[in-house]
Amino acid sequence: MTRLDRLTPALLTAPSALVYAGALLVPLAGVLALSLHGFDFQDGILPGWNLANYRDLLTDPLFGEALARTFRIAALTTLICLLIGVPEAWIIHRMDPRWRGPMLLIVVGPLLVSVVVRNFGWMVLLGTNGLVNQAMTALHMPGAPFRLMFTELAVVIGLVHVMVPLVVLSVWASLGRLDPVLERAAISLGAGRFTIFTRIVLPNVMPGILAGALMVFCLSASAFATPAMLGGKRLKVVSSMTYNEFLNTLNWPLGAALATVLMAAILLATLLWTRLVEKRALRRLGEVARGGPA
């Protein structure tokens, strides 16, 4: 190979790498640099570099509570999306091809609606005089009407509504690569539907499940519009605190520090999740190599 042949892959990837660096890495580096500055309400952003903003965040109980709430909402949203999305994808996969397309269109419908319109719809449904409380009052449920708006429950409902399609599409793509011969072989050996689903389908679509869970968790942890509209001003998450520091108090360095900490926390969770997936995949390959359960 000539020197030009060895450099060809690097030369071909250089334009996309430059675009990636310019569109993502440079802005992130700017946010990180901004977070290291001080701030004064009279003088604005102060010169110099220090870690005062991060020290303030680590010692602020309000931030710790908001960070815990952010990841609690994201984890609960992810769990509910998996419980709904995986069976839904399995049902769509087994549907007649004539109905599969319309059902997929219905599933992705929430992604086609503006986030503001969708959240206003949930505000109408979950309000004190909303349709949900009216129905529970008509059924004479004890304690009705309930306070549903401006709670973590309302935020989780709003996030699940838009995040479920991501799980469905991810799992459905994995199901498309599932060999139908495996199911027929299991049926011929006397396996029931539940056994087929848990021993054959789930292990083979696990990459799609894990990918969908990762997308839902990251997007839920960084969501802003849904927590702001359905959670209100008192239900603080890290994204809403970042918005408040940037546009209300104009403390850009502290807002940049909040954004950096959230990004780092999401990245750490992603790395841990990826590591868990890799360990599971290696363990499964070892079981197959030893002739154990696949």
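## Alanine 269

Alanine 269 counts as partly exposed because its relative accessibility is 23%; buried means under 20% relative accessible area, exposed over 50%, and partly exposed in between (1.4 Å probe, protein chains only). The structure is a predicted model, in which local features need pLDDT of at least 70, side-chain atom pairs count only at pLDDT 80 or more, and totals for chains, interfaces and linings use all residues. Residues are numbered from 1 along each chain as its sequence is written, and side-chain values use heavy atoms, with hydrogens and water left out.

Helix H12 (residues 252-289) contains alanine 269; helices (H or I, at least four residues) are DSSP runs numbered from the N terminus. A C-alpha separation of 9.1 Å lies between alanine 269 and phenylalanine 217, which are 52 residues apart along the chain.

## Nonpolar cores

Val171, Leu175 and Val201 have the most contacts inside the largest nonpolar core, which has 43 residues. Such a core is a set of buried Ala, Val, Leu, Ile, Met, Phe, Trp, Tyr and Cys residues joined through side-chain atoms within 4.5 Å. Helices H3, H4, H5, H7 and H9 each supply at least two residues of this core, and H7 gives the most, with 13 residues.

A second, separate core of 17 residues includes Ala66, Cys218, Val238 and Ile266.

## Helix H9

Between its end C-alpha atoms, H9 spans only 35 Å, whereas a straight helix of 29 residues would span 42 Å at 1.5 Å a residue (1.5 Å times one less than its number of residues). At methionine 206, H9 bends by about 55 degrees, and proline 207 follows within four residues. The bend is the angle between axes fitted to the seven residues ending at a residue and the seven starting there.
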